[in-house]
Amino acid sequence: MIEAAARYFRLHAQNLSGAVSRLLRYPLGSLLTVLVIAIALALPAGMRVFLANVGALSGSWEGAADFTVYLDDAVSEERARELASEIATRADVDQVEFINRADALEEFRSQSGFGEALDALEDNPLPHALVVRPGQTAVNAMETLAESLDALGETALVQLDTEWVARLRAMLELVERTVDIVSALVALAVVLVIGNTIRLEINNRSTEIEVMKLVGGSDGFIRRPFLYLGFCYGLAGALVAALLVAAALALLEAPVRALAELYASVYTLMGLGRRDTLVLLGGGAALGWAGAWIASARHLRAIEPT
Amino acid sequence: MIRFEDVYKRYPNGREALSGISFALERGEMAFLTGPSGAGKSTLLKLVALIERPTRGAVIVNSRNTAGVSRRRIPGFRRRIGVVFQDHKLLHDRSVFENVALPLVIAGFAPRETGRRVRAALDQVGLRGREQHEPITLSTGEQQRVGIARAVASRPDVVIADEPTGNLDPELSLEIMRLLERFNDVGVTLLIATHDLKLVEHLGHRTIRLVAGEISADGFAADGSAARRPATPDPTLTGRHGTRYRD
């Protein structure tokens, strides 16, 4: 039992080291294949990093998702201030700012350029308004708050100033779906590239395969070196892909910092992260194994001693 | 050890390579398979190693009917047969040691035991100390000896050889045949296909002669000077070292 296990691990260790030394024996050819795989894998990996960063950014913007509550014309300034302090006591509200209709008109007059047109009006057309900053930024919490503000009876209109955040989110979801599709296509491409590489390798080693079959090598024994070769191609490709993404981030870091400074903020780019790196490496290795499996299943059987 | 019972082999292209072959090779026996090119020598050996299957009839090797060996079980079946090729079929990207060790690694021997057996096999073929050489650096005769070492390394009961001296001059050919005889001396059953009739006569073992896919003669060479007793004496044998002819 122990001997069988020892034999099993010995064979696998031999196969692994054999695959590595085979990659190193033809460094240029191996490097080209690995680079093709790496660039293919870096594409979806990089897109995911981009998405993660944009998602984090939009998350921080959402913190500033304020409601503007326009009150009925009939509501007096006094009542409006009361309402402001009432709403401010709610658990799901962070703070409330009262905007006097006269101030609002002044601001509008100075900023819009419609000063003369406004002068033609007899009354101030603007109502008093409250700017409500929610305590929670989750979409459904904000919807609940909007509904209860709307139901107050003294409010004319509740407007979420940050609808564009929701639009951005929807767009991100679209991009995310696109990245999923790209990932699937890239996975297929990697399987095909590695499968083709293994097919060539099998053709190159047909004499060896024939001899191994003649001296009693089982299908599994003959196939395993090729599976390990595919595994190594995939893993090496994923490793280089992770490096490519890291290099791209390093190149982007300075311009991103400059851009953030223009907005008087600090933003640090997020990298792949430990979990995503592991997914990338594991995925690459699994794709390599799969490609080799398909190629060897198809082509090893064709080589028989004659 | 090897038994053919009314074996026919027809290839998909319609050529009938063997028709009605029957013979038996007992354990520890050594026999030559002769005949002109295309007589079916290689086909017969291929049936023994399960590279081909008979169209009709039974091929029994190591007490197993090859018809009952499924594709999946062929590797295990072949591990009990050593095969020597005319062109050696050595792997040129591996050392002599690795070539000889291949069947042992496949059979799952531990490294220590593998090393021991490889050295023993190389010692037997007179190539001790050449383990780390590349096969390409050896002479043709030496390469064939590596091929023989590989065939016997896992100590199979049966060794078949297809024109093992086809590429060698007479002197080296004799050397290779003497080497194979030595394995026969320790009990290995040997079936050797060759068209080197002079050498066959000189060595004087049982000879099965194939012509056009049929056995035209099965017995001992006329020149009995170097003939040995057969492993299982055949009562139908006539004379000192007489030749028995069928048909």
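Chain A is assigned two domains: domain 1 is made up of residues 2-61 + 166-299, and domain 2 covers residues 65-161. The model is a predicted one. Taken over C-alpha atoms, the centres of domain 1 of chain A and domain 2 of chain A are 54 Å apart.

**The sheet of chain A**

Chain A holds an open sheet of 4 strands, ordered S2-S3-S1-S4, with antiparallel pairing. The edge positions belong to strand S2 (93-99) and strand S4 (155-160) of chain A; each has a single partner strand, so one side of each is left without a neighbour in the sheet. From one strand to the next, the twist averages 20°.

Strand S1 of chain A, residues 67-71, pairs with strand S3 of chain A, residues 129-134, in the antiparallel sense, and 4 bridges join them. Within this part of the sheet, A:Thr68 has A:Val131 in S3(A) as its bridge partner. Helix H3 of chain A, residues 77-88, lies across S1, S2 and S3 of chain A and runs at about 170° to S2(A).

| Element | Residues |
|---|---|
| Strand S1 of chain A | 67-71 |
| Strand S2 of chain A | 93-99 |
| Strand S3 of chain A | 129-134 |
| Strand S4 of chain A | 155-160 |
| Helix H3 of chain A | 77-88 |

**Contact between the chains**

Between the two chains, 12 residues of chain A are in contact with 13 residues of chain B. On the side of chain A that touches chain B, helix H8 (residues 206-214) of chain A provides the largest share, 4 residues. By residue class, that side of chain A has 6 nonpolar, 4 polar and 2 charged residues.

**A helix pair in chain B**

Two packed helices are described by the angle between their axes and the distance between the axes. In chain B, helix H5 (residues 140-152) packs with helix H6 (residues 170-185) at an angle of about 15°, and their axes are 11 Å apart. Angles under 35 degrees count as roughly parallel, and H5(B) and H6(B) are therefore roughly parallel to each other. Their crossing is right-handed.

From H5(B), the residues in this contact are B:Gly141, B:Gln144, B:Arg145, B:Ile148 and B:Val152. They meet B:Leu172, B:Glu175, B:Ile176, B:Leu179, B:Leu180 and B:Phe183 in H6(B). The contact of H5(B) with H6(B) comprises 7 nonpolar, 2 polar and 2 charged residues.

How values were computed. Residues numbered from 1 in each chain as written. Chains lettered and ligands numbered in written order. Predicted model: local features only at pLDDT ≥ 70, side-chain atom pairs only at ≥ 80, totals over all residues. Domains from an automatic or database assignment. Contact = placed C-beta atoms within 7 Å. Helix = DSSP H or I, 4+ residues; strand = E, 2+ residues; numbered from the N terminus. Nonpolar A, V, L, I, M, F, W, Y, C, P; charged D, E, K, R; others polar. Axes fitted to C-alpha atoms, helices over the stretch in contact; angles between N-to-C directions. Parallel < 35°, antiparallel > 145°, perpendicular 65-115°, else oblique. Left-handed = near helix turned anticlockwise from the far one by under 90°. Pairing = 2+ DSSP bridges.
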